[in-house]
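Thank you all for coming.

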Amino acid sequence: MNTSNRQHFANRLRKAWDQHQAGQLVAAERVYRELLAEVPNDPDLNNLAGLLQLQAGQPSQAEELIRRALQTESGNPQSHYNLGIACKDQHKWAEAAKAFRTCVDLAPDNAEAMNSLGNALRLSGQKEEALGCLERALALQPGHPAVLTNLGMLHNQLGRHGEAESFLSQVVAVQPRNAEVWNDLGVARSKLGKPDKALQAYREATRASPDFSRAWLNRGQLEEQLGQLEAAAKSFQRAISSDPALIDAHFHLAHLRSHCSIPKEIDTLETLWRQDDLDNNQASRLAYALGFAHESNGDHDRAFHYMSEAHRLLGKRHRFDLESHREAVLNNIALCTAENLVAWSDPQSRDEQPVLICGMPRSGTTLVEQILASHPQVFATGEQTILARLAGELAAETGTHFPACLPNASEEWLLDAARQYQQAVLAPASDAPRVTDTTPMNYLYLGLIAMLYPKARIVLCIRDPLDNCLSIYRQPLTGPHAYAHDLRTLGHFYALHTQLARHWQETLGGRLAVVRYETLVSEPESQIRNLLTHCGLPFDSACLAFHETDRQVKSPSASQVRQPLYTSSVGAWRNYEQHLAPLKEALGLLED
């Protein structure tokens, strides 16, 4: 290209760039295309044309153009940055991070690139490296809202919700209409046990962006946890109207105990179910939603069909080793004798704060927690994972499966484990006389808690086996419950639970009280008085009106415990009796 042609090319490119900057993207793109036909490898032209494609929402075309620019001018940091954006917009996180990293290598003081690198690493799951990049970006440009936002989201992912709240609060202070940040702030505050402030954040998010479906969904879930069931239903409906394909919103609306699905909602669910592009997780959630919807309309056969579809899908990914579980139960029974637990425990421990509420999932544990949480001398912590984690740590340290590793626990380990439990569960309760830990599967770890806290009270919830197992089968549970995906396996699991429950009753004696769901709902006052006596608490009438207690309930039973005690769930298995033969057989209840 001679000097005259080069000057003509530069003038036309400058004019196109002026149009580009002025927002005249169609006109600018036309000139860029004309110039590309004449000079296809010019780096500036390819970079600008790629930038325009980014702005037009065409990241794959942008990537092609920017890579062509880099073939000629590989040392241009801006081109590498633009390439990173193009890859990020296609969710190609590793390639995005590589491009941003090259940009940072070429321009170490570029805070935007460092922030983008940190965000790409966050999105690719490299959280600790992402944290270092984002902290450096913040040092380069203190107070930058985009960096603070990414730091807030990262800390939420890392479970450091206090730090997340701090960063995100700084952003909304200068960007009060930033719906995404308000939503993330709501998540942080909810995790921190600040439901009122979390709800305020979700309201700000939906006010700033009325079609923000994810914020409406989060708002609805929190409203359900707070017992605001009518408001929750409206929020889920707003989420669906904003994004009809948001399966989680359909799931939560159908699951809401106060809601009866209308034909239009069921038709929408059926239409979504017929889609071919659902992944296993989406399809299983949708199947559960259809199960709830048909059940609320009394069509139990159709409901069971969809429940089974959900378990068929989940069973592909999660296998349960029943024999290993049986071995763990038998080891508990063999090892955790009354004599051994006395010998292994700390005789100096006098702490009576812990009250462990456990049993099979869906056996009434959340209900018992809500009753106790209504007492002024009780602090309820919800579900905790600390005992399972400590059991895993002891197994790893000793090289022996739990509970076979219990005899090998050193005095030093036990003291440290008690300290960890105190910090995780008891410390947030301050001086409350009783603190509940409501984790159903803790019945597997009662030997460990008896060693750590010999004065702890145990409440073991037991429910009719068919009702209990059906309740597990009809909805997803929090955490790993692969035993639930097959009725026969579920029945064997329940039978092993019964065997272990009997052992704990014999071994722990007065430290353990059994609460039978059916007796609790039919004779509430006498049962609640007995429960309070077991926990060393005076009677308080607020426990009878537990459904009025203002607190956040995060379990799947959140909407149920917002109602007075009801007996309609007793014998609910009869609605599904014709489908339960494998379960009955495993439980030994199949009639000849």
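Predicted model: local features only at pLDDT ≥ 70, side-chain atom pairs only at ≥ 80, totals over all residues.

Both F304 and Y473 are buried, where buried stands for under 20% relative accessible area, against over 50% for exposed and partly exposed in between, with a 1.4 Å probe and protein chains only. Residues are numbered from 1 along each chain as its sequence is written, and side-chain values use heavy atoms, with hydrogens and water left out.

Rings of Phe, Tyr and Trp (its six-membered ring) pair if their centres lie within 6.5 Å, and planes under 30 degrees apart count as stacked, over 60 as edge-to-face and the rest as tilted. By this rule there are 11 aromatic pairs. F304 and Y473 make a stacked one, with 5.6 Å from centre to centre and 25° between the planes. Since F304 lies in helix 18 (residues 300–315) and Y473 in helix 25 (residues 465–473), the pair ties together parts that are 169 residues apart in sequence; helices here are DSSP runs of H or I, at least four residues, numbered from the N terminus.

Turning to another pair, the ring centres of F402 and Y445 are 5.3 Å apart with planes at 55°, so this pair is tilted. F402 and Y445 are both buried.

Finally, ring pairs link F251, Y288 and F292 into a cluster.

Methods:
Helix = DSSP H or I, 4+ residues; strand = E, 2+ residues; numbered from the N terminus.
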